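User: I'd like to go through the charged pairs and the chain contact here, and hear the reasoning behind each label. Can you take me through them?

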Amino acid sequence: MNDKLHSVKLDSDLCKGCTTCVKRCPMEAIRVRDKKAIIINERCIDCGECIRVCPHHAKKAVVDSLSVLKNFDYTIALPAPSLYGQFKGILGDRNVILTALKHIGFDTVFEVAAAAEAISTLTNRKIRSSKERLPIISTACPTIVRIIRMRFPSLIPHLLDFRSPMEFAARWAKRVAQKETGLPAEKIGCIFISPCPAKATAVKLPVTNEESAVDAVIAISEIYTKLRTAIKRVIVPEDLAIAGSPGMGWAISGGECSAAAISDHLSADGMENVISILEALENEELPQVDFIELNACVGGCVGGVLTVENPFIARGRVQHIMKHTPPVLRPESCPVEDVGWDHSMEFDPSLRIDTNLSDAITLLAKIRDIESRLNGMDCGACGAPSCHALAEDIAKGFATEDQCVFIVREKLQALLGQHENPDGAAESAAAETEREEQA
Amino acid sequence: MGALHLEYTVAPDDFSRAGEVSGIVKRTLKDLGFPPAVVRRTAIAMYEAEINMVIHANGGKITADITPEEIMIVFADQGPGIPDIDLAMQEGWSTASEDIRDMGFGAGMGLPNIQKSTDYMDVQTTVGVGTTITIKIFVTQ
């Protein structure tokens with residue numbers, strides 16, 4: 001299995017080689033080489049932060065377009081709960097959005113929120129009866145799952161071993177559709193409407209599923225304009241909503257905790273906050289909680305990089321819709337027996353310096369030695385996010401010391417000094433360095 | 001065989017930075033590829049010891065010596081020293097002030113917790129001179 005197929009790609013024509021993404025990547029997975037950014041696939045967790053921050057829009061998510069509908073005899077739209085926060089003027093009735101999805105080409109709609117809600121109920125049951133290690137950590141956000149797999153392996157046993165709402169919804173929807181249409185599974189397309197690239201990667205590269213039941217992933221941003229127009233034209237919305245209000249809440253940070261109705265819980269969002277919670281949990285510094293909800297994006301899924309609306313406005317809209325939705329709508333035919341993972345999760349050692357412990361220690365000693373010769377400004381001009389990252393790249397043979405502008409300047413000054421420049425350029429350069437050092 | 005020597009300074013009375021060194025060393029051990037259980041035990045012991053330094057001893061120095069077989073960490077401070085080491089080893093015993101306890105520290109679990117998480121612990125302490133705690137975690141696959 002190719003374990004490193006990602007949904008974040010670079011458009012090198014647009015890339016200016018600035019280091020904005022390099023500096024902001026939480027995994028230090030990006031370098032600028034030959035004036036273009038490159039993503040180190042082994043380290044990428046598909047959080048989409050680089051797409052969000054690129055001032056030149058050179059980072060793209062690799063997702064499907066609406067033309068994918070042609071590939072199937074019967075298509076089911078699986079809208080992420082975050083879709084409901086994207087549109088104004090629906091007056092709390094998300095049936096308008098669901099009907100509009102049919103108008104833009106889908107044969108039917110199945111709310112991922114319904115699957116989310118079912119998972120919440122099962123999570124509550126699991127925690128109440130659990131003799132397993134608490135707290136249980138949500139596995140709804142694929143970026144969180146990836147970072148735990150790579151950077152916090154000791155927390156893997158805490159992960160909720162349930163499929164994500166997207167995956168569970170696809171399995172559920174396909175069963176229902178097969179029964180209703182009589183079509184074989186492969187003729188039915190389950191198309192997830194996604195707020196982020198991480199979920200697209202979770203489909204391409206399932207970690208704990210044998211194979212994803214989702215057949216394609218379309219970005220919310222991709223269909224936004226078309227859907228908005230269609231929404232305006234809906235006169236009598238069809239009654240397509242099947243999820244209750246707790247399922248809607250999964251779109252926003254904290255919503256999963258409320259839906260699971262676990263009293264001792266904790267929720268955090270944004271990569272920096274998530275990492276500090278995971279560190280604290282690993283160090284046993286956290287107060288006793290039973291359930292932890294973590295979202296890579298600020299605000300939760302409404303903050304996904306493939307959404308359109310401001311996450312805080314979207315959150316307000318989702319909360320408004322929740323107020324107009326009864327707690328449980330139609331919890332029928334839910335295949336609860338199919339909620340568990342197909343297989344357990346394994347540690348992903350991609351961040352290790354070397355596969356051999358002794359070699360890794362030797363290499364780190366070398367890295368630290370190189371790092372001691374760099375000036376520690378973490379300026380990024382070399383294309384690496386920090387002096388330590390450059391030192392590691394040099395030690396591994398991916399970069400040279402001459403990529404550091406300060407080292408090059410020192411070499412240049414040494415050269416000028418040797419030649420006793422008659423116009424005094426060497427002295428003035430040396431004086432300038434001194435002034436800078438004093439500053 | 002690879003060997004690595006690391007040195008850090010712990011700032012006094014700065015709770016916003018308490019745990020910083022343990023965090024750095026934990027990350028380093030992970031990047032090196034030590035087994036998760038070894039990393040976790042080291043991190044827990046180090047965090048306790050580092051917090052102790054901040055609470056009781058105006059900071060100090062931490063050195064780490066890392067080989068594939070064992071991790072040895074030395075915490076050296078020039079604080080007040082521990083008058084009765086047997087008492088300090090009892091769970092729940094603490095000299096931490098009310099302020100410190102209000103912050104959720106000083107539950108008297110420090111030294112016992114460090115001992116629990118490590119394979120070896122040695123405490124050298126002289127009242128009025130300082131305390132040096134040496135811990136070792138043996139690496140077993």
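**Salt bridges and the chain contact**

Analyst: B:R41 has a relative accessibility of 26%, so it counts as partly exposed; that label covers the range between buried (under 20% relative accessible area) and exposed (over 50%), with a 1.4 Å probe and protein chains only. Before going on: this is a predicted model, where local features need pLDDT of at least 70, side-chain atom pairs count only at pLDDT 80 or more, and totals for chains, interfaces and linings use all residues. Residues are numbered from 1 along each chain as its sequence is written, chains are lettered from A and ligands numbered from 1 in the order in which they are written, and side-chain values use heavy atoms, with hydrogens and water left out.

User: What makes B:R41 and B:D119 a salt bridge?

Analyst: Their N to O distance is 2.8 Å. The rule asks for a side-chain nitrogen of Lys or Arg within 4 Å of a carboxyl oxygen of Asp or Glu, so the pair qualifies. B:R41 sits in helix α2 (residues 36–56) of chain B and B:D119 in the loop between α5 (110–117) and β4 (120–126), so the pair ties together parts 78 residues apart in sequence. Helices here are DSSP runs (H or I, at least four residues), as are strands (E, at least two), numbered from the N terminus. B:D119 is partly exposed too, at 37%.

User: What area do chain B and chain A bury between them?

Analyst: About 2100 Å², with 57% of it on carbon and sulfur atoms. Buried area is the accessible area (1.4 Å probe) that two parts lose on being put together, summed over both. B:K30, B:L32 and B:R40 supply 29% of what chain B buries against chain A, more than any other three residues.

User: Which residues count as being in that contact, and how many come from each chain?

Analyst: Contact means heavy atoms within 4.5 Å, and 24 residues come from chain B and 24 from chain A.
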